[in-house]
Structures are given as C-alpha cells and as structure tokens.
Amino acid sequence: MDQHIKKIYVPMTETGFYILLCLREPNHGYGIVQMVKEMTEGAIILTPGTMYGSLSKMEKDQLITFIREENKRKIYQITPLGEEVLAIEAKRIERLYRNMKERF
Amino acid sequence: MKQTKKQFKYFSLAQYKQEQDYLQKMHRNGWKLTHISCLSVYHFEKCTPEDVVYQLDFQTEVMDQSEYIQMFQDCGWEYLLDCVGYSYFRKPVAEMDGPEEIFCDDESRLDMMRRIYKKRMVPLIIMFFCCIVPQLLRTIANAKESSLDRSLSILFVVAFMLYIVSFVTFGIQFFQYKRGIKRG
C-alpha cells in the first residue's frame with residue numbers, strides 16, 4: 001500500500017471508518033447518513049459538508065468507486081484498496097477495544 | 001410589494017464564520033438573504049424573525065452541481081447561492097435535534113481550509129509579494145515628489161492591511177482546528 005494512503009487513512013476519522021464500512025454495499029451519501037444514524041442509535045449524525053468532502057477524497061484516492069447515479073444521487077462502493085485499509089483499521093480498533101476491556 | 005434591503009459588508013477570504021454569524025443575526029431580526037452582488041453587497045427580504053443557521057461550504061471538485069446540492073437537501077439544508085467558490089446553505093434551528101453544522105469533525109473543517117488555501121490563498125500570497133508590497137514601497141519612496149503616488153500609497157496601505165487581516169484570520173482559524181484535532 002502507498003505511503004500516502006497510509007499517512008491519510010491509518011488511523012482514520014470515525015466518519016471515514018463508517019463510510020467505508022457502509023460502502024461494502026453500494027450506497028449514496030444520504031443513504032450512509034441514515035445507516036450510521038441507525039447503527040449508532042442517533043449518536044452519530046454525519047453532515048453533508050463532511051460527507052461530500054470525504055466521498056470526493058476517497059474516490060480520488062481510489063478507496064471507493066462511483067458505480068452509477070440514481071435521482072441525482074451518486075452511488076459508490078468500496079474498492080479492494082478500500083477493503084485493505086478498512087481491515088487495517090478494524091484490527092487497530094479491535095486491539096484498542098481489547099486493551100480497553102482489560103484495563104478499564 | 002416585498003420589502004427588501006441592501007447592506008454592504010466586507011468579509012475577508014477566511015472570515016466565513018463571521019459571515020455565517022452575520023447572516024444568522026440578520027435572519028433573527030427578520031431579514032433573510034436573497035442574493036449577493038458585487039462580492040460584498042448583501043440583499044435581504046423581510047421575513048418572520050427566525051433562528052436559522054447559515055453555512056458556507058468550499059468545494060473544489062464539484063463535477064455535478066445538482067448532485068452536490070441534492071446531498072445537502074437530503075440532510076435538510078436549503079441551497080441559496082454560489083459566490084466566489086463558496087456555496088451558501090441554511091437550515092432552521094427548529095428542524096435540528098441539537099446544534100448542527102455542515103461539518104461534523106475538525107478534520108473535514110481543516111480539509112475545507114486546505115482547499116481555500118490552495119485555490120484562493122496561494123494566488124493572494126503571490127499577488128501580495130509580487131504586486132502589493134513592491135508597489136507600496138515604490139509609492140512611499142516617491143510620495144514626496146508625486147501627489148499621485150501619495151494617493152496611491154494610501155490605497156496600497158489599505159490593500160496591505162486587508163491582506164494582512166486575511167492572512168492572520170486564516171492562520172488563526174487553521175491552527176485552532178489543528179489544535180482541536182491533536183487534543184481530540
């Protein structure tokens with residue numbers, strides 16, 4: 001993996017992580033907002049400025065790819081590179097969680 | 001006949017926060033923004049006073065404007081207008097669950113400042129060092145002999161000040177977010 005990708009996405013923001021997680025199934029920006037709201041019982045409400053900026057950045061870095069447009073909404077999906085980054089992050093968060101459980 | 005009013009207000013490049021606050025205050029006083037002309041003339045229309053949050057976004061890679069606006073509309077933000085790279089949105093506080101902005105983390109706020117820096121600040125800095133500063137020095141040096149240069153030098157002093165204000169406010173905001181990220 002590219003050093004540039006590692007530097008930006010490892011570790012990544014909570015927003016970035018949720019976007020990649022949701023895009024394992026094709027979805028559009030607002031769809032992700034709704035999914036995350038449901039998953040976190042309303043604790044995390046992603047906002048359009050952050051969402052639009054993150055999607056553009058991730059598409060440019062080829063972590064996600066544009067599939068098609070539906071009613072003026074762009075539908076994206078994760079790429080193999082995105083999956084790779086997500087797996088690294090998942091491992092990091094798992095470790096974090098394990099250590100937290102042991103000591104807290 | 002709708003009651004309207006115009007107001008001249010200058011905000012430097014990075015003072016979008018102050019601009020948002022100004023527009024929110026106007027709406028609270030019963031004046032909603034309709035459009036902006038000549039970069040700094042704000043046009044308002046009389047309305048019922050309401051607490052409405054105004055937000056400015058700066059995106060540089062919008063390929064499809066309607067898709068961009070759609071995402072904001074889906075999230076309840078009304079699109080107003082575009083002005084020198086900024087897009088203006090608003091949303092009534094009554095429709096929010098808590099305090100809401102179009103950005104939800106400091107990383108994306110910083111990303112927006114990076115975009116402003118790349119697209120707008122770098123050309124300004126080049127202008128500043130290649131035009132404003134040399135012209136200011138030249139007119140000041142000639143001010144004693146030439147009355148034209150004397151008046152021009154005042155103009156360049158004003159430009160110089162405005163530039164410095166832009167740079168400083170931009171720098172302060174940038175480092176505030178950066179500190180915020182480190183703390184978090």
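Predicted model: local features only at pLDDT ≥ 70, side-chain atom pairs only at ≥ 80, totals over all residues.
Two strands are said to pair if DSSP finds at least two bridges between them.

Phe66(A) is found opposite Tyr76(A) of β3(A). The strands β2(A) and β3(A) form a hairpin with two residues between them, and in the turn Asn71(A) has a positive phi of about 45°.

The two faces of a strand deserve a separate look. In a regular strand the side chains alternate between the two faces of the sheet. In strand β3 (residues 73-78) of chain A, the covered face holds Lys74(A), Tyr76(A) and Ile78(A), whereas Arg73(A), Ile75(A) and Gln77(A) belong to the uncovered face.

Turning to chain B, we find three strands that form an open sheet in the order β1-β3-β2, with antiparallel pairing. The strands at the edges are β1 (4-8) and β2 (31-37) of chain B, each of which pairs on one side only. On average, neighbouring strands of this sheet are turned by 30° against each other, when direction is ignored. Five bridges connect β1(B) with strand β3 (residues 41-46) of chain B in the antiparallel sense, and Lys6(B) stands opposite His43(B) of β3(B). Across β2 and β3 of chain B lies helix α1 (residues 16-28) of chain B, which runs at about 135° to β2(B).

Finally, we come to a place where the two chains meet through helices. Two packed helices are described by the angle between their axes and the distance between the axes. Helix α4 (residues 48-60) of chain A packs against helix α2 (residues 65-74) of chain B at an angle of about 140°, and their axes are 9 Å apart. Where they touch, Pro48(A), Met51(A) and Tyr52(A) of α4(A) meet Tyr68(B), Met71(B) and Phe72(B) of α2(B). Sorted by class, this contact of α4(A) with α2(B) has six nonpolar residues, with no polar and no charged ones.

Technical notes: Residues numbered from 1 in each chain as written. Chains lettered and ligands numbered in written order. Axes fitted to C-alpha atoms, helices over the stretch in contact; angles between N-to-C directions. Helix = DSSP H or I, 4+ residues; strand = E, 2+ residues; numbered from the N terminus. Contact = placed C-beta atoms within 7 Å. Nonpolar A, V, L, I, M, F, W, Y, C, P; charged D, E, K, R; others polar. Buried ≥ 20, exposed ≤ 12 C-beta atoms within 10 Å, placed from the backbone.
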